[in-house]
Amino acid sequence: MAISTILLFLLAGLVAAHGDGDTMIRLPSDGAEAPPRPPKPWDCCDNIEMSPLEIFPPLYRCNDEVKQCSAACKECVEAPGDFPRGAFVCRDWYSTVDPGHMCTAPDQPTTKRPWKCCDSIVQLPQRIFPPFWRCDDELEPGKCTAACKSCREAPGPFPGPLICEDVYWGADPGPLCTPRPWGKCCDKAFCNKMNPPTCRCMDEVNKCAAACKDCQRVESSEPPRYVCKDRFTGQPGPMCKPRAEN
């Protein structure tokens, strides 16, 4: 009799636990609002930089020199130079699909490339094909003014080198001035956060570039594929495949 009573109580407890028959397992996040995204560390940006890390959404940061960083900026540092100039740069990286608009509208892009070669090539974030390009190489003042319609001072002591502000509209940004060990382009570039960065390219290719010193075969690849293990100090260069549109 005592055993039967205990079984009845257990059955009653199970029925109460099931309630109205809703057996759905609810996660702690069910019904909870997603935390708000932190604000972008800049309102607008002319000198946007995209991280070479292959993540989505990609990481961006703004290298504009400003008199005062945005209130949302967490790492605001003094702009490089030999003496205080009252200019600051926000070093925050921000994950977003759209880094926002430029502060100043770019000059009418040119279809004639202003540079013969470029090591610090930048693809502008406008979603357009062919894309917009800018070359951030530091040039002697005479060379910049001879080739470009608009030049600006490079970060650092004044007077110093200039950077071409012209925007080029075309599919091919041109060759690199300094050969990379992996060749003219790289889709899987991994770089540290130094300035300039040290990079390597993990693209698997049929044949390493002639400049590669440490070319290794990808294990078990058939037909054989190779990866250049060399490291290079400087920007990795443009991507081989066009950046996917969102």
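## A first look

Is Cys90 buried or exposed? Cys90 counts as buried, because its relative accessibility is 7%; buried means under 20% relative accessible area, exposed over 50%, and partly exposed in between, with a 1.4 Å probe and protein chains only.

Before going on, here is how to read the numbers. This is a predicted model, in which local features need pLDDT of at least 70 and side-chain atom pairs count only at pLDDT 80 or more, while totals for chains, interfaces and linings use all residues. Residues are numbered from 1 along each chain as its sequence is written, and side-chain values use heavy atoms, with hydrogens and water left out.

## Sulfur links

A disulfide is a covalent bond between the sulfur atoms of two cysteines. Here a disulfide is taken as a pair of cysteine sulfur atoms within 2.5 Å, and by this rule the count comes to 12 disulfides. One of them joins Cys73 to Cys90, with 2.2 Å from S to S. This pair links distant parts of the chain: Cys73 lies in the loop between strand E2 (59-62) and strand E3 (76-78), and Cys90 in strand E4 (residues 88-90), 17 residues apart. Strands (E, at least two residues) and helices (H or I, at least four) are DSSP runs, numbered from the N terminus. The link of Cys73 and Cys90 is right-handed, with 105° about the S-S bond. Cys73 counts as buried, because its relative accessibility is 13%.

Cys212 and Cys228 have their sulfur atoms 2.3 Å apart. The pair links distant parts of the chain, with Cys212 in the loop between strand E13 (198-201) and strand E14 (215-217), and Cys228 in strand E15 (residues 226-228), 16 residues apart. The torsion about the S-S bond of Cys212 and Cys228 is about 105°, so this disulfide is right-handed. Both Cys212 and Cys228 are buried. Another disulfide joins Cys191 to Cys199, at 2.0 Å from S to S. Its torsion about the S-S bond is about 110°, so the link of Cys191 and Cys199 is right-handed.

## The nonpolar core

In soluble globular proteins, nonpolar side chains tend to be buried together. A nonpolar core is a set of buried Ala, Val, Leu, Ile, Met, Phe, Trp, Tyr and Cys residues joined through side-chain atoms within 4.5 Å. In this model the largest one has 7 residues: Trp182, Cys186, Ala189, Cys191, Cys199, Cys201 and Phe232. Strand E12 (189-191) and E13 each supply at least two residues of this core.

Contact means heavy atoms within 4.5 Å, and, leaving aside neighbours within four places in sequence, Phe232 is in contact with Thr178, Pro179, Arg180, Pro181, Trp182, Pro197, Thr198 and Cys199.

## Aromatic pairs

A pair of aromatic rings is described by the distance of the centres and the angle of the planes. Rings of Phe, Tyr and Trp (its six-membered ring) pair if their centres lie within 6.5 Å; planes under 30 degrees apart count as stacked, over 60 as edge-to-face and the rest as tilted. A search of the whole structure finds 4 aromatic pairs. Among them, Trp115 and Tyr168 are edge-to-face, with 6.0 Å centre to centre and 80° between the planes. This pair links distant parts of the chain: Trp115 is in the loop between E5 and E6, and Tyr168 in strand E11 (residues 168-169), 53 residues apart. Trp115 counts as buried, because its relative accessibility is 8%, and Tyr168 counts as buried at 8%.

Phe132 and Trp169 also form an edge-to-face pair, 6.0 Å centre to centre and with 75° between the planes. Phe132 in strand E7 and Trp169 in strand E11 are 37 residues apart, so the pair links distant parts of the chain.

Thr110 is in the loop between strand E5 (94-95) and strand E6 (121-123). Not counting residues up to four places away in sequence, Thr110 touches Val167, Tyr168 and Trp169.

Pro130 sits in the loop between E6 and strand E7 (132-135). With the same exclusion of residues up to four places away in sequence, Pro130 touches Trp169, Gly170 and Ala171. Pro130 and Gly170 are 40 residues apart in sequence and 5.0 Å apart in space, C-alpha to C-alpha.
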